[in-house]
Amino acid sequence: MALILVVVFGVSMSMAMAAFESWADYEQPYKPNLSPVPLLGAVTPLGNYVVVVVIDGARPDIVEKAETPNIDWIRENGTWFNNARCFTPSLSHPGYASIGTGARPSVTGVTNNWLELNGDIGIDNIFKIVNETNETTAVAGSPGWMDLYGNWISENKTIEGETLNMDRIIGEWAVTLIEHKPKLLLVHLYDADTAGHGYGGAASDEYKQQIEEADEEIGRIIQAFNNSGILEETLFIVTSDHGFLDQGGHGGWEEDVLHFLLTMRGPHVKRLEVDGQILQDQIAATVSFFLGYRVPTGLTGGMLFDVFDVDERRKAIYQISLAQIKYNQSTWFAEQFDLKEKYENNISRLEEDLTNAQQVLSQGQYSEALSLAEGIEEDCENLIKTVWEKKHSMEVSSRLQAVSLIYVITLVPSIVVIFILRKRINWRIFSASILCAIGYLLGFWVVFFASGWYFSISLWASPEDFINRMILFVIAGLIAAGFTAGLTAKWILNEKNRWGKIILATLLGLFLVVILNTIYISSHYVQWNYVLDWYFPEGRAWGDFFGSIFMLAQNFYLSILSFISIAVALATSKMISKLSKAGAISSVAKSPPSLP
Ligand SMILES: [Zn+2]
């Protein structure tokens with residue numbers, strides 16, 4: 001049985017590590033890097049320049065509370081979005097990727113901040129589109145933008161820094177870049193994020209203060225456009241990559257981290273307050289729409305038509321383009337997933353609809369073409385969703401078979417061994433060790449949830465706090481296991497063969513933990529595959545998935561700790577038992593350790 005334990009233990013450990021690493025080094029094998037879709041008709045630009053200012057980690061409600069006269073000027077003369085939401089993981093680089101490509105993290109494959117892409121995100125984007133027209137693109141900010149889009153950025157000034165005076169430098173750089181009149185300028189101000197991480201989160205004065213300083217830089221940028229004489233030809237977009245928790249941290253699925261800042265002002269932009277939900281993958285194509293350029297081909301979102309005061313023809317041309325792009329994506333995904341034959345009828349019907357809508361457009365019936373194209377886009381999105389779900393469900397059912405095999409290999413022999421030895425097993429020791437293991441798990445998870453913790457990547461934002469918490473939960477588990485051992489010690493232990501019993505009880509306790517691990521890991525395997533080979537769960541699923549990885553890694557440590565705790569607890573149980581009788585330990589049991 002010891003051998004089975006060692007094997008299962010080794011397997012669960014390596015699966016836990018592989019699961020975590022597959023997220024850390026995630027590479028989406030199905031990036032829809034499709035050929036450009038030209039617009040079906042010439043459109044005039046609504047203006048000549050676009051500047052996107054990203055205030056890293058700016059949460060809109062704190063921006064509203066802060067003194068931000070320049071952002072207010074954009075808001076009052078343009079459109080403000082009350083419900084703009086980013087995707088999960090709500091980290092910086094995934095946000096930059098969605099802003100530039102118009103695609104979600106599951107499609108861009110940018111799911112964390114440490115992927116090295118060396119200037120090529122591997123999917124169509126707004127920098128590439130501007131660059132291919134021989135116009136200039138420029139970036140002032142952190143080097144992360146160059147890692148994602150460097151191949152298509154004509155001029156850049158980037159700096160990495162942990163102190164709170166970077167925005168001042170970046171603002172000055174932006175001013176010098178504006179003198180060259182780049183078609184598309186991205187300014188990334190990130191002191192607010194640094195303050196949020198280092199000074200206590202969105203509730204801190206430092207965070208609010210850095211937002212106010214970012215606003216000053218925006219003022220300088222507006223002034224520079226004015227000095228260059230192109231202010232009224234420029235679309236200003238002020239946005240952020242993600243929000244922040246009051247206590248610090250982002251990356252998860254909480255409302256405060258998903259809400260990001262978005263406001264824009266420029267020629268043809270209406271004065272509006274938009275309450276409806278809009279997503280981070282709607283910004284890139286909006287830049288295309290404004291400049292009169294083609295739309296990024298990997299996009300999962302659309303464009304913010306309603307912000308602009310424009311004619312039906314322009315909207316129809318762009319909506320047909322969106323429909324065409326989503327149609328290309330749906331056939332591409334179906335082909336990649338070997339599902340093209342299965343969905344052949346849907347695809348050919350969509351193709352007919354698309355040709356029809358293009359004809360309607362060429363006849364000049366713009367509102368008719370617009371509504372047809374909207375319907376086609378929706379149908380294509382549904383088909384994309386269907387083929388993704390189909391591929392995933394096919395994989396889940398094939399993994400179910402593998403899991404049955406895991407059970408046959410690990411659990412069945414264990415049960416058989418126990419059954420054969422049932423008359424020679426000391427059931428008191430068996431029950432006592434199971435109680436110790438349960439005691440450990442209860443102690444750990446009760447304090448975990450009681451201290452307000454839950455499964456979200458946002459809680460990892462401060463590694464020190466994370467480790468302190470984990471130590472606290474483990475101590476709680478050890479106390480609970482020790483207490484259980486003290487209670488059961490008299491029942492199972494006497495001087496005769498004391499150490500033999502301790503070893504046996506420890507092995508049995510570990511056996512229980514390993515069985516729980518096996519059940520847990522196999523359910524994780526069925527649902528997600530334990531490595532992310534192509535499917536990246538988003539939205540609330542990401543919370544669940546992160547919880548899964550977290551528990552997977554956790555269970556590995558739990559196994560070791562349960563093993564140690566049971567051995568230690570039983571070895572010292574005489575003492576604990578005596579203390580327990582004397583009433584000294586009851587106070588420990590009644591009041592769990594206080595939380596920081
Ligand atoms: Zn960020």
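Modeller: First, the ground rules. This is a predicted model, in which local features need pLDDT of at least 70 and side-chain atom pairs count only at pLDDT 80 or more, while totals for chains, interfaces and linings use all residues. Residues are numbered from 1 along each chain as its sequence is written.

The protein has 21 helices and 10 strands. Helices (H or I, at least four residues) and strands (E, at least two) are DSSP runs, numbered from the N terminus. The part I pick is helix 15, residues 366-420.

Two packed helices are described by the angle between their axes and the distance between the axes. Here the axes are lines fitted to C-alpha atoms, for helices over the stretch in contact, and the angles run from 0 to 180 degrees between N-to-C directions.

Start with helix 13, residues 312-336. Helix 13 packs on helix 15 at about 20°, and their axes are 8 Å apart. The two are therefore roughly parallel. The cut-offs are these: under 35 degrees is roughly parallel, over 145 roughly antiparallel, 65 to 115 roughly perpendicular, and the rest oblique. The crossing of helix 13 and helix 15 is left-handed. That term applies if the near helix is turned anticlockwise from the far one by less than a right angle; clockwise gives right-handed. The contact of helix 13 with helix 15 holds 17 nonpolar, four polar and seven charged residues. Ala, Val, Leu, Ile, Met, Phe, Trp, Tyr, Cys and Pro count as nonpolar, Asp, Glu, Lys and Arg as charged, and the others, Gly among them, as polar.

Now helix 14, residues 344-362. Helix 14 meets helix 15 at about 160°, with the axes 9 Å apart. That makes helix 14 roughly antiparallel to helix 15. The crossing of helix 14 and helix 15 is left-handed. From helix 14, the residues in this contact include Leu-350, Leu-354, Ala-357 and Leu-361. From helix 15, they include Leu-372, Ala-373, Ile-376 and Leu-383. Residues are in contact if their C-beta atoms, placed from the backbone, lie within 7 Å. The contact of helix 14 with helix 15 divides into 11 nonpolar, two polar and three charged residues.

Which residues have the most contacts inside the largest nonpolar core? They are Val-50, Val-53, Val-187, Ile-221, Ala-357 and Ala-373. Ala-357 and Ala-373 also sit in the contact of helix 14 with helix 15. That core has 114 residues. Helix 13 gives the most to this core, with 10 residues. Ile-221 touches Val-53 and Val-187, among other residues. Apart from this core lies another, of 23 residues, among them Ile-429, Ala-489, Ala-505 and Phe-511. A nonpolar core is a set of buried Ala, Val, Leu, Ile, Met, Phe, Trp, Tyr and Cys residues joined through C-beta atoms within 7 Å. Buried means 20 or more other C-beta atoms within 10 Å of the residue's own, exposed 12 or fewer, and partly exposed in between, with C-beta atoms placed from the backbone. In soluble globular proteins, nonpolar side chains tend to be buried together.

Glu-395 lies in helix 15. Glu-395 counts as partly exposed because it has 16 C-beta neighbours inside 10 Å. Thr-355 is found in helix 14. Thr-355 has 10 other C-beta atoms within 10 Å, so it is exposed. The C-alpha atoms of Thr-355 and Gln-324, 31 residues apart along the chain, are 9.6 Å from each other.

Of the contacts with a separation of 6 or more, 79% join residues 24 or more positions apart.

Helix 9 (residues 191-198) and helix 10 (residues 205-227) cross at roughly 175°, and their axes come within 8 Å. That makes helix 9 roughly antiparallel to helix 10. Their contact has five nonpolar, two polar and three charged residues.

Key
Two residues are in contact if their C-beta atoms, placed from the backbone, lie within 7 Å. Lists of a residue's contacts leave out its neighbours within four places in sequence.
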